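Subject: Structure handover

Dear colleague,

Here is the structure I said I would pass on. My notes follow it.

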Amino acid sequence: MNQLNINLDRAAEAIHAASGLLITAGAGIGVDSGLPDFRGNTGFWQAYPALGRERIEFTDIANPQAFHTAPHLAWGFYGHRLNLYRQTAPHAGFAILKQLSEKMAQGAFVFTSNVDGQFQKAGFSCAQICECHGSIHHLQCLNSCTPAIWSADGFNPEIDTANCLLGSPLPTCPRCAGLARPNILMFNDAYWQSEMTDRQYDNLSQWLSTVTQLVTIELGAGTAIPSVRNLGLRQNGLVIRINPRESGIPANEGMPIPLGALEGLQRLAVRLQGSRGRQTT
């Protein structure tokens with residue numbers, strides 16, 4: 001039996017023994033749904049060629065200053081992403097995670113750096129999710145006239161994709177009528193309104209304090225900004241790291257599964273069904 005199969009078997013055993021499931025997810029989990037993960041400038045500029053032509057890097061556009069200096073370009077980028085996330089269906093791996101979470105005696109919780117709302121769309125309760133970088137589905141005032149945030153449901157951006165520009169009216173703050181921005185933690189961002197995420201962190205901490213036997217499934221989390229990887233490693237219990245490129249993990253901390261999120265979850269689901277059958281015969 002090769003090492004991957006051994007790790008899948010060990011992962012299935014750890015899940016069977018657990019009473020609570022922590023799901024930690026980075027951008028890589030969305031690749032199988034057709035979402036870009038902005039891995040390096042090459043991948044980013046392939047997804048947004050208009051920004052590539054101008055040599056505008058992800059850190060330049062994912063920055064509150066861009067909304068001050070080039071609001072139609074900034075909202076061209078974020079408006080396109082908002083439309084993309086609204087149109088994208090979560091891949092079948094999300095349903096596998098949902099099924100696993102429903103079988104846990106003490107439930108499950110999601111911790112993600114993604115702002116796309118895919119876990120909510122897959123049926124996870126908002127009370128089960130912590131979005132450490134905020135959510136594109138909520139807006140806030142660019143000038144921070146109020147700490148309030150509000151739903152982006154009423155904002156339907158029309159995008160000139162060839163030039164990455166917003167063609168419809170800019171969204172505005174209902175209090176001061178100034179420009180609105182996504183409620184997302186960007187680069188060099190001192191004005192992100194974090195109250196919603198702070199509450200989510202509180203909910204996560206409370207849940208973790210109740211779990212007696214935890215297992216973590218980490219999916220598509222990179223090392224450039226290791227918030228997701230670090231959160232899982234700080235907990236008690238093994239980490240099942242599903243990642244096609246950066247799956248390495250010390251043997252005493254978890255099991256590496258060097259596969260994409262969907263394939264890794266599908267193969268893990270097969271192992272879980274097989275081990276459950278052996279346990280009941």
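R241 and E218 form a salt bridge (a side-chain nitrogen of Lys or Arg within 4 Å of a carboxyl oxygen of Asp or Glu), with 2.8 Å between the closest N and O atoms. R229 joins R241 and E218 in a network of salt bridges.

Before the rest, the terms of use. This is a predicted model, in which local features need pLDDT of at least 70 and side-chain atom pairs count only at pLDDT 80 or more, while totals for chains, interfaces and linings use all residues. Residues are numbered from 1 along each chain as its sequence is written, and side-chain values use heavy atoms, with hydrogens and water left out.

Overall fold

The protein chain has 11 helices and 11 strands. Helices (H or I, at least four residues) and strands (E, at least two) are DSSP runs, numbered from the N terminus. The radius of gyration of the protein chain is 20 Å, close to the 19 Å that the globule rule gives for 281 residues, so the chain is as compact as a globular protein of that length. That radius is taken over C-alpha atoms, and the rule is 2.2 Å times the number of residues to the power 0.38. The C-alpha trace spans about 65 × 40 × 30 Å along its principal axes.

Of the 281 residues, 52% count as buried. Taking contacts (heavy atoms within 4.5 Å) between residues at least 6 apart in sequence, 65% join residues at least 24 apart. The accessible surface of the protein chain comes to about 12,700 Å², and 50% of it belongs to carbon and sulfur atoms. Accessible areas come from the Shrake-Rupley method with a 1.4 Å probe; for residues, only the protein chains shown count as cover.

Charges and the other salt bridges

There are 20 positive and 21 negative side chains in the protein chain, and the centres of the two sets lie 5 Å apart. Lys and Arg count as positive and Asp and Glu as negative, without His and the chain ends; the place of a charge is NZ of Lys, CZ of Arg, CG of Asp or CD of Glu.

The structure holds 7 salt bridges. One of them pairs E102 with K98, the closest N and O atoms being 2.6 Å apart. These two residues are 4 residues apart in helix α7 (residues 92-102), which means that about one helical turn separates E102 and K98. E102 counts as exposed at 54% relative accessibility, whereas K98 is buried at 18%.

Helix α11 (residues 261-280) holds another pair, E263 and R267, 4 residues apart, about one turn of the helix. Their closest N and O atoms are 3.6 Å apart in the salt bridge. E263 is partly exposed at 39% relative accessibility, and R267 is partly exposed at 27%.

Individual residues

Which residues does Y201 touch, not counting those up to four places away in sequence? They are F111, C130 and C132. Y201 is found in helix α9 (residues 195-208) and is partly exposed, with a relative accessible area of 33%. Y201 and F111 are 90 residues apart in sequence, with 8.9 Å from C-alpha to C-alpha.

T88 sits in the loop between α6 (71-87) and α7 and is buried, with a relative accessible area of 8%. Leaving out residues up to four places away in sequence, T88 touches S33, L35, Q118 and K121. T88 and Q118 are 30 residues apart in sequence and 8.2 Å apart in space, C-alpha to C-alpha.

R55 is not a glycine, yet has a positive phi of about 55 degrees. R55 lies in the loop between α3 (49-53) and α4 (58-61) and is exposed at 56% relative accessible area. A177, also not a glycine, has a positive phi of about 70 degrees. The loop between β7 (165-166) and β8 (180-184) contains A177, which counts as exposed at 57% relative accessibility.

Regards

Conventions:
Buried < 20%, exposed > 50% of the residue type's maximum accessible area, 1.4 Å probe, protein only.
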